[in-house]
Every structure is written in structure tokens, then in C-alpha cells.
Amino acid sequence: MRRSLLALAALALLLAVAFVMVRYLHVDNRVVRWLRDQVPGHAWNQPRWQGHSLWLPGYRYDIQGRVLEGVDDNLSGLSYDAGNDRLLAVINRPSQLLVLDGEGRVLQRHRLQGASDVEAIAWLGDDEVALLQEGRRSVIVARLPAGDGEPIDVTRARVIALEMDEAGNNGPEGLAYDAAGDVLYVAKERSPTALYELRGVLRGETVQVDRSAWLKGLDFATDISSLEFDPAHRHLLLLSDESQLLAEIAADGRPVSWRSLANWNGHLPVPQAEGVALGRNGTLYVVSEPNLFYRLQPATAR
């Protein structure tokens, strides 16, 4: 009897450890990458990119896993509002838009009336944003209200349908906006990952272009959970939750730099990385489900 209890206790402990290793350390994805030899090749993190890119290996956390007060669950996409030096985040259920400061404090909340499963947000300039609805395979172009608590009625906003056949929970997941070119980038999460351009978002006549070929060098990432555009270098930043990494590619898909989300200094990796944004002086921000906020600083100020 005693041996049976000890065996059950050992099994329970083993299962608890396995849960932590899979849920928080993402060991399963790391093992799969190792078995498939899916690791970044020599083309990544070449010294020639230092000073000509974000150079992700040089980034270090100064905020890790800060809980957003008043947010319980389903924190999703993130974007930087350069006009007001603030962050914009979305919660997919119930659909809400949050305004944050650079420390992860919630400044404003806005209910998204008529929206469904909003997974990403991109600031377009002035008071306009793009909101990505995964289930409906569409992008909403909406205007931000001035006052805290004012709802955003997306039923009155312009809707851009995306040309995607895949159904279920493997649809569009990330947004990033290039203001100079009026190009909105859209990432499909997995099975397979894909990348698209929506040209002419603000002009009103939108054309969708498939840029999935740019992801050929990113086969070591099993998903794409968020996107960001770096206007200084005209590079794309891609966040992978399952593979626990950030990767930077040039505007033609050339590999530039990457870094793991984990730093193995006693902190757990990001549990479920859902959004990334690039702020002033090269500061990077990451949000994770259920309600966690992270900030990374470059090695040298730019």
C-alpha cells in the first residue's frame, strides 16, 4: 500500500514537472526543433548587421512578467502609437482595446462593439488603427476615441476582407504597418505560416500580395504570433510563441538577427507571447497571455 502511494505521488510529481516544462518552458517545441534540426543557421546574427539593424542579440529585459492591473485574461496584440508615445493592446474576449504607458500601466479602456476574436492591432497614424479579426478573416480600420471608456463601434468602420481559405484557429494572427509605403503586413499563424501585404490601406483601394516566400529562412519557427515593422531599417520583426523567439528579417526576407525570449537567469520564458511593439529609442515591448507585460532595451541607445 505504501509503495503504491509513493508511486502515485511520484507520478503526480512527474506530471506536474512535465506540465511546467511544456506550458512554461516550451520544451516540446525545442525538442521538435532539435529532432528536425530546425535551428537558426549561419545566415542569422551575422556581425555585418550590427549598426544596420535592430540587432536582437543585444537586447536585454528590464521588465519581465509584470501583471497588467485590471486585466485577467486573453491579452493579445500590441502596437506603438508614435504620435502619443503610448502602447495600444487588445483583449480578444471580450473584445477590448487598452491604452498603456511604457511601464505597463493601463491608461484607458475601450470596448470594441461588434468586433469578434480580435488578435492584433496596428497603429496607422493620427487616431486610426487596424484591428485583425481572426475568425472573420478581416481587418477593421477604426478611429480611436479621445475619452477613457468610450466604446469603439466597429460596425461603422471600414472592413477589409482577407483572401485566406484556412478555417479554424490557424488564421491571421499578426499585424504591422509601414506608414511610408502605406502597407499593412498580415501574418498567418501556422499550418502553414504565411505573410501578406495589404497595399493602400489608407488610400482605400487595397491590394493583397503574398510574401510568404520571405519566411523560407524562418523554418526554425513553428508559428508566428505577432509582427512589427521597423521604419528606421525597414525590417520586419516576427514573434513566435511556440518557438519562444524574436526574429528580424530584411524587407526582401533576408535573415538578419534573432534572439530567444528566454534568458535563463532565473526567470521563466514568456508563457504565451502574443504581441510585440517597437517604441522610441529601439525599446521593444512584448505582451503575453494571460496578462503579462515585458520590456527589452537595446545594448546601446539609438
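This is a predicted model: local features need pLDDT of at least 70, side-chain atom pairs count only at pLDDT 80 or more; totals for chains, interfaces and linings use all residues.
Residues are numbered from 1 along each chain as its sequence is written, and side-chain values use heavy atoms, with hydrogens and water left out.

Leu11 counts as partly exposed because its relative accessibility is 43%, where buried means under 20%, exposed over 50% and partly exposed in between (1.4 Å probe, protein chains only).

Ser76 is 14 residues away from Val90 in sequence, yet their C-alpha atoms are 5.4 Å apart in space. Leaving aside residues up to four places away in sequence, the contacts of Val90 (heavy atoms within 4.5 Å) include Leu75, Ser76, Leu97, Val118, Ile121 and Leu131.

Charged pairs come next. Side chains of opposite charge can pair when their charged atoms come close. The structure holds 16 salt bridges, each defined as a side-chain nitrogen of Lys or Arg within 4 Å of a carboxyl oxygen of Asp or Glu. One of them joins Glu103 to Arg66, with the closest N and O atoms 3.5 Å apart. This pair links distant parts of the chain, 37 residues apart: Glu103 sits in the loop between strand 4 (96–100) and strand 5 (106–113), and Arg66 in strand 1 (residues 60–67). Glu103 is partly exposed because its relative accessibility is 30%, and Arg66 is partly exposed at 35%. Both take part in a network of salt bridges that links Asp62, Arg66, Glu103 and Arg295.

Arg86 pairs with Asp81, their closest N and O atoms being 2.8 Å apart. Arg86 counts as buried at 15% relative accessibility, and Asp81 counts as buried at 0%. A further salt bridge connects Glu189 and Arg190 at 3.2 Å between the closest N and O atoms; Glu189 is buried, with a relative accessible area of 8%.

By contrast, Glu163 lies in the loop between strand 10 (158–161) and strand 11. Glu163 counts as exposed because its relative accessibility is 61%. Asp210 is 47 residues from Glu163 in sequence, with 9.8 Å between their C-alpha atoms.

Finally, the pockets deserve a look. On a 1 Å grid over the protein atoms alone, a cavity is a set of points where a 1.4 Å probe fits but cannot get out, whereas a pocket is an open set with protein on both sides within 12 Å along at least five of seven lines; lining residues have an atom within 4 Å of a point. The largest pocket has a volume of about 460 Å³, a volume being the space filled by probe spheres set on the points, which are joined across faces, edges and corners. Its lining comprises 30 residues, of which Tyr80, Glu228, Phe229, Pro231 and Leu278 are the closest to the centre. Strand 6 gives the most to this lining, with 5 residues.

Terms used: Helices (H or I, at least four residues) and strands (E, at least two) are DSSP runs, numbered from the N terminus.
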